[in-house]
Every structure is written in C-alpha cells, then in structure tokens.
Amino acid sequence: MLQHLPSRLLALLLFPILLAPFQAQADLYPGDIAFIGMNTEGEQDRFAFAALVDIPGGEQITFTDAGRMYPERQFRAGEGFIIWTAPSSGLDAGDVFELSLPDQLSTNGDQLFAFQGPDSDPRFIAGLNNRGLGWQITASDEFSSALPLQLENCLTAISLQRQDNIEYEGSLSG
C-alpha cells in the first residue's frame with residue numbers, strides 16, 4: 001500500500017493541472033458590462049459596450065436584438081444572435097469594445113441584450129431598449145421587448161427614447 005503512495009500523491013497533485021484547460025469560463029453577472037452606443041443607420045449596424053469588470057481572455061458573451069416575450073420568458077423568433085469571444089489578453093474594466101450586427105438593428109426602435117448560457121435559459125448581463133421610455137410588456141413585434149427579470153431598469157438595463165444613434169458621453173471612471 002505504501003509503495004503506491006508517491007504515485008497516488010503525484011496523481012492527486014497533477015489532476016487539477018490536467019483539468020485546467022477544460023474548466024468553465026468565468027461567469028459574468030448583471031451589470032458587468034454596459035451598452036454605451038448603438039448605431040442603427042447605414043449598412044453596418046453597430047453597438048459598443050464597456051467592460052465594468054475585468055473580463056478574462058476567451059470569455060464568451062452572446063448578443064442579440066431579439067425581444068424578450070412574457071409570460072413565455074423566451075426570445076422572439078427571427079432575430080439575430082452573435083457570440084463574441086474576448087481577445088486572449090482579455091478586457092480590463094473600463095475598456096470599450098465595438099461590434100457589428102449587419103443590418104439587424106431597426107431605425108424604428110430595437111433592443112440589445114448581452115447574456116451567457118443557452119438562449120433557452122440565459123443569464124442576462126445587460127440590456128438596452130430604444131423603443132421609447134420604459135420597457136414594453138412583451139415583444140409584440142420586432143421593435144419591442146419586455147425587461148428580463150434578471151435585469152433592473154436604470155441599473156443593469158436602460159430604456160431610452162427612440163433614436164437612430166445613441167452614444168454615452170459621460171465618465172468611464174469612478
């Protein structure tokens with residue numbers, strides 16, 4: 001029994017190291033990013049977000065303009081989803097990143113959500129609605145959305161008056 005102790009001890013010490021590449025990504029939570037810009041005009045619809053916490057390299061976030069329906073608690077069909085992967089160097093808190101959603105964002109009002117996990121059971125991180133002040137009861141059309149239960153208006157999500165282009169111009173520190 002004692003003769004196998006060094007090999008068992010070695011196996012116990014190496015086990016976590018061997019599993020390290022297969023560990024799940026870090027979880028992001030509501031408010032860990034904030035949408036700070038959205039452009040719905042032109043050929044390339046774009047949006048920007050700021051990291052409010054450090055985001056490790058390889059972290060994945062799904063972005064969509066799909067409205068959230070209630071009481072069904074699911075996304076409205078027929079909208080776009082993109083999976084973004086953080087650069088290998090990661091993002092520092094305060095870094096800004098811009099992405100394109102080709103021809104997806106409507107000039108009649110739209111919404112953006114950031115989440116992790118499957119779209120059937122998302123863990124929301126941030127939301128933006130520019131259909132008008134206040135969120136809608138449900139996603140009754142491609143321009144509207146309910147506020148997901150995991151997000152809080154004016155804290156982890158924002159609803160703004162309908163505009164084609166939105167840009168946050170305040171402080172990025174503090």
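**Close-up views of a predicted protein chain**

**View 1. Strands β1 and β2 form an antiparallel pair joined by 6 bridges.** Two strands are taken to pair if DSSP finds at least two bridges between them. Helices (H or I, at least four residues) and strands (E, at least two) are DSSP runs, numbered from the N terminus. Within this pairing, A34 has A50 of β2 as its bridge partner. Strand β2 also pairs with β7, again in the antiparallel sense, over 5 bridges. Strand β2 is mostly covered, with 5 of its 6 residues buried. Here buried means under 20% relative accessible area, exposed means over 50%, and partly exposed lies in between (1.4 Å probe, protein chains only).

The views show a predicted model, in which local features need pLDDT of at least 70 and side-chain atom pairs count only at pLDDT 80 or more, while totals for chains, interfaces and linings use all residues. Residues are numbered from 1 along each chain as its sequence is written, and side-chain values use heavy atoms, with hydrogens and water left out.

**View 2. The protein chain contains 1 helix and 11 strands.** The protein chain has 174 residues, of which 39% count as buried. Among contacts (heavy atoms within 4.5 Å) between residues at least 6 apart in sequence, 65% join residues at least 24 apart. The chain exposes about 10,000 Å², of which carbon and sulfur atoms supply 55%; these areas come from the Shrake-Rupley method with a 1.4 Å probe, and for residues only the protein chains shown count as cover.

**View 3. Confidence is lowest in helix α1 and highest in strand β3.** The score is pLDDT, the predictor's confidence in each residue, from 0 to 100. Its mean is 40 in helix α1 (residues 5-19) and 95 in strand β3 (residues 60-64). Over the protein chain the average is 81, and 76% of the residues score at least 70. Residues 4-24 stay under 50, and for them the model has 1 contact beyond four places in sequence. Where pLDDT is low, the predicted coordinates should not be read in detail.

**View 4. The largest nonpolar core has 21 residues.** A nonpolar core is a set of buried Ala, Val, Leu, Ile, Met, Phe, Trp, Tyr and Cys residues joined through side-chain atoms within 4.5 Å. The residues with the most contacts inside the largest core are I33, F35, F49 and F63. Strands β1, β2, β3, β8 (111-116) and β9 each supply at least two residues of this core. Leaving aside neighbours within four places in sequence, F35 is in contact with residues including F47, F49, F63, L112, F113 and L128. A second, separate core of 8 residues includes F75, F113, F124 and W135.

**View 5. The structure holds 3 salt bridges.** A salt bridge is a side-chain nitrogen of Lys or Arg within 4 Å of a carboxyl oxygen of Asp or Glu. One of them joins D27 and R123, with an N to O distance of 3.2 Å. This pair links distant parts of the chain, 96 residues apart: D27 lies in the loop between α1 and β1 (33-39), and R123 in strand β9 (residues 123-129). D27 is partly exposed at a relative accessible area of 42%, and R123 is partly exposed at 25%. Another salt bridge joins E98 and R46, whose closest N and O atoms are 2.9 Å apart. This pair also links distant parts of the chain, with E98 in strand β7 (residues 96-100) and R46 in strand β2 (residues 46-51), 52 residues apart. R46 is partly exposed, at 31%. E79 and R76 form a salt bridge as well, with 3.4 Å between the closest N and O atoms. E79 is buried at 16%, whereas R76 is partly exposed at 23%.

**View 6. The peptide bond from Y70 to P71 is cis.** Its omega is near 15°. P71 lies in the loop between β4 (68-69) and β5 (74-75). R73 also has its place in the loop between β4 and β5, and has a positive phi of about 55° although it is not a glycine.

**View 7. C154 has a positive phi although it is not a glycine.** The angle is about 70°. C154 lies in the loop between β9 and β10 (157-159) and counts as exposed, at 64% relative accessibility.
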